[in-house]
Every structure is written in C-alpha cells, then in structure tokens.
Amino acid sequence: MIRHIVLLALTPDHDAGELADIMQQLAELVGHLPGFTDFEHGPNRDFENKSAQYPYGFVGTFGDADALNTYANDAQHSALGARLVALCQGGADGIMVIDLDMGA
C-alpha cells in the first residue's frame with residue numbers, strides 16, 4: 001500500500017472555491033481508477049510548528065506503486081494538478097509530494 005501525501009503552499013489569496021472543487025474531483029477518482037482506494041484532505045494545523053508554509057494537504061491511498069503510477073498518468077489527475085499548481089506559491093515548487101510505502 002502506498003500513501004501519497006501532498007502538501008500545498010497555497011497563495012494567501014488563493015480561490016477557496018477552486019480548491020474545494022479540485023479536492024472534490026480528486027475524491028471522485030477513488031474507485032474510478034484501479035487501486036485508488038481512499039482520499040482525504042484538509043487544513044494543516046501544524047501543531048509542532050514545522051510546516052506552516054503548507055496550509056493545506058491531502059492523502060491518497062493506493063494498493064501499490066502500479067496504481068499510483070496509473071493515477072499519476074491519468075489525464076484528469078494531470079488537469080487537476082495543473083489547477084493546483086496555479087493556486088500555489090512558486091507554482092509546482094509550492095507542492096511537496098511524499099510517497100510512503102506501507103508494505104502489503
């Protein structure tokens with residue numbers, strides 16, 4: 001299982017409605033793409049004061065690396081990713097991605 005963690009360095013004036021729409025459409029890919037089993041998103045509360053530059057994030061759960069690769073190459077995912085880039089400080093550099101291999 002792979003946990004695909006994405007942290008967003010949103011611009012202070014980002015469009016909250018646009019962000020909500022992107023999150024909804026990403027969530028709709030669960031079950032539509034093989035091996036994409038769960039999606040959660042929300043604000044980063046940064047309780048340890050280590051990631052204030054990333055006020056929002058999401059986590060996708062994938063059955064394996066092949067399922068994550070399918071998601072990464074999906075046209076709808078790519079279009080949604082481009083919309084996310086437009087909301088982030090520094091564009092694509094404002095998005096941190098961490099893929100944790102949780103084993104079988």
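Strand β1 (residues 2-8) and strand β3 (residues 56-62) run antiparallel and are joined by seven bridges. Helices and strands here are DSSP runs numbered from the N terminus, with at least four residues (H or I) for a helix and at least two (E) for a strand. The model is predicted, so local features need pLDDT of at least 70 and side-chain atom pairs count only at pLDDT 80 or more, while totals for chains, interfaces and linings use all residues. Residues are numbered from 1 along each chain as its sequence is written, and side-chain values use heavy atoms, with hydrogens and water left out.

**Sheet**

- Four strands form an open sheet in the order β2-β3-β1-β4, with antiparallel pairing; two strands pair if DSSP finds at least two bridges between them.
- The edge strands, each pairing on one side only, are β2 (36-43) and β4.
- Neighbouring strands of this sheet are turned by 15° against each other on average, direction ignored; the axes are lines fitted to C-alpha atoms, for helices over the stretch in contact, and angles between N-to-C directions run from 0 to 180 degrees.
- L7 has G57 in β3 as its bridge partner.

**Salt bridges**

- Two salt bridges are found in a search of the whole structure, the criterion being a side-chain nitrogen of Lys or Arg within 4 Å of a carboxyl oxygen of Asp or Glu.
- Because R83 lies in helix α3 and D21 in helix α1, the pair ties together parts that are 62 residues apart in sequence.
- Relative accessibility is 23% for E18, 24% for R83 and 28% for D21. Each of these residues counts as partly exposed, the class between buried (under 20% relative accessible area) and exposed (over 50%), with a 1.4 Å probe and protein chains only.

**Nonpolar surface patch**

- M1, M96, I98, L100 and M102 make a nonpolar surface patch of about 370 Å². Patch residues have over 30% relative accessible area and no salt bridge; nonpolar side chains (Val, Leu, Ile, Met, Phe, Trp, Tyr) are joined within 5 Å, and like charges within 9 Å.
- Accessible areas come from the Shrake-Rupley method with a 1.4 Å probe, and for residues only the protein chains shown count as cover.
- L100 is found in strand β4 (residues 95-101) and counts as partly exposed at 37% relative accessibility.
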